[in-house]
Amino acid sequence: KEKRQKRSLERKNQGEEGGEFVGRKRLRKEVTTSSPLRLVIDCSFDNLMMFKDVRKLHKQIQRCYSVNRRAVHPVQFYLTSLGGQLKQNMDKTDEGWVNWKDITVKTEAYHEVVAKEELVYLTSDSPNVLTELDETKAYVIGGLVDHNHHKGVTFKRAQELGIDHAQLPLNSFVKMNSRKVLAVNHVFEIMLVYLEKGNWQEAFVTVLPLRKGAMPLGQEGTATEDEEESDRDSDTAETVTPTTTESLL
C-alpha cells in the first residue's frame, strides 16, 4: 500500500512539473523490437520422460515465455508436438496458458510447421558450431529433461530428417569446471541475450548460473559466494563438460 501511494505521489509530482509518466507496460512497447528469428521448442519427447521431468519442462517453458515477453528483441516463439503428459499438466496446473500471447502452439511436429530448409536443430552432438544467428532461420530446442538417459537423440532426429544442425559456441567463450547441466530455458535465454548484445560470451555469462561453474575464459575461479547464490532455474535439460558441450538440448 505504501509503495502504491509513493508511486501515485510521484505521478502527481511529474504531472505538476509538466513531465510525462511512462508506465511499465507502455515503456516496454516503446523500447522493444520484435525479431523475425524463430525459436522452436520441440515437445515430441513426452514418451521419453517421467512425469516429474514433464513438470520440470513445463516450468522451463513458462520461463521461456516470460523472458521472451520482456525481451528487448522478442523472438517468434513456437511450441510444436504439444500433447500427452505435457499438455495435460499445462491444462491442469496452468489453465491460463491458452491465453498466452505472441506464441504459436502446434500439435504438429516442427518440420511440418516450418520448411525444412529453414530449420536448424541445436544439439551439441553436431560437429557444426554456431557463430552467428540467421534471422531467416528457425532454431529448434529439444524439450527433453533428464537428457542423460537419451544421449544423441536430438542429433539423430535432425540427421534422419535431413535438416541443418549446430551446437552453441560454449567452449569458445566460457570454462565449465565440471559436468554441469543447462535447462531448456537457459538455451532460450542465451539466444535472446545474444540478439540483444551481439556477444556470445556476454550471453553465456549473463544467463548461465555462476555456481554451475560457467566462467569467461581467462577468469576461472573468480566467482564469489554471493554471486554463486544468484543461480536461477536449473532444472536439467542438457549436460556440458569442461571440454565438450554435451546434450546441449
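"Buried" here means under 20% relative accessible area, "exposed" means over 50%, and "partly exposed" covers what lies in between, using a 1.4 Å probe and protein chains only. This is a predicted model, where local features need pLDDT of at least 70, side-chain atom pairs count only at pLDDT 80 or more, and totals for chains, interfaces and linings use all residues. Residues are numbered from 1 along each chain as its sequence is written, and side-chain values use heavy atoms, with hydrogens and water left out.

**View 1. The whole chain, before zooming in.** The protein chain comes to nine helices and 10 strands; helices (H or I, at least four residues) and strands (E, at least two) are DSSP runs, numbered from the N terminus. Of its 249 residues, 45% count as buried. Take the contacts (heavy atoms within 4.5 Å) between residues at least 6 apart in sequence: 76% of them join residues at least 24 apart.

View 2. Two strands count as paired if DSSP finds at least two bridges between them. Zoom in on strand 2 (residues 76–80), which pairs with strand 3 in the parallel sense over three bridges. Leucine 79 stands opposite valine 105 of strand 3.

View 3. Rings of Phe, Tyr and Trp (its six-membered ring) pair if their centres lie within 6.5 Å; planes under 30 degrees apart are stacked, over 60 edge-to-face, and the rest tilted. The structure holds seven such aromatic pairs. One of them is edge-to-face because the rings of tryptophan 97 and tryptophan 100 have centres 6.4 Å apart and planes at 75 degrees. Both partners count as buried, tryptophan 97 at 8% relative accessibility and tryptophan 100 at 16%. The pair of phenylalanine 173 and phenylalanine 204 is tilted instead, with 6.3 Å centre to centre and 40 degrees between the planes. Phenylalanine 173 comes from the loop between strand 6 (164–166) and strand 7 (174–176), and phenylalanine 204 from helix 8 (residues 200–207), so the pair ties together parts 31 residues apart in sequence. Phenylalanine 173 is partly exposed at 26%, while phenylalanine 204 is buried at 1%. Together with Tyr194 and Trp200, these two form one aromatic cluster.

**View 4. Methionine 191 inside the largest nonpolar core.** A nonpolar core is a set of buried Ala, Val, Leu, Ile, Met, Phe, Trp, Tyr and Cys residues joined through side-chain atoms within 4.5 Å. In soluble globular proteins, nonpolar side chains tend to be buried together. The largest core here has 60 residues, and those with the most contacts inside it are Leu130, Leu133, Tyr139, Leu168, Phe188, Met191 and Trp200. Helix 7 (residues 184–197) gives the largest share of this core, nine residues. Set aside the neighbours within four places in sequence, and methionine 191 still touches Leu39, Leu122, Leu130, Leu133, Tyr139, Leu168 and Trp200.

View 5. Count a salt bridge when a side-chain nitrogen of Lys or Arg is within 4 Å of a carboxyl oxygen of Asp or Glu, and you get five. Glutamate 118 pairs with arginine 38, their closest N and O atoms being 2.9 Å apart. Glutamate 118 is in the loop between helix 5 (110–113) and strand 4 (119–122), and arginine 38 is in strand 1 (residues 38–42), 80 residues apart. Glutamate 118 is partly exposed at 28%, whereas arginine 38 is buried at 14%.

View 6. Arginine 63 meets glutamate 189 at 3.2 Å, N to O. That joins helix 3 (residues 51–70) to helix 7, with the two residues 126 apart, and both are buried. Arginine 69 pairs with aspartate 102, the closest N and O atoms being 2.5 Å apart. Arginine 69 lies in helix 3 and aspartate 102 in the loop between helix 4 (84–93) and strand 3 (103–105), so this bridge ties together parts 33 residues apart in sequence. Arginine 69 is partly exposed at 27%, and aspartate 102 is exposed at 54%.
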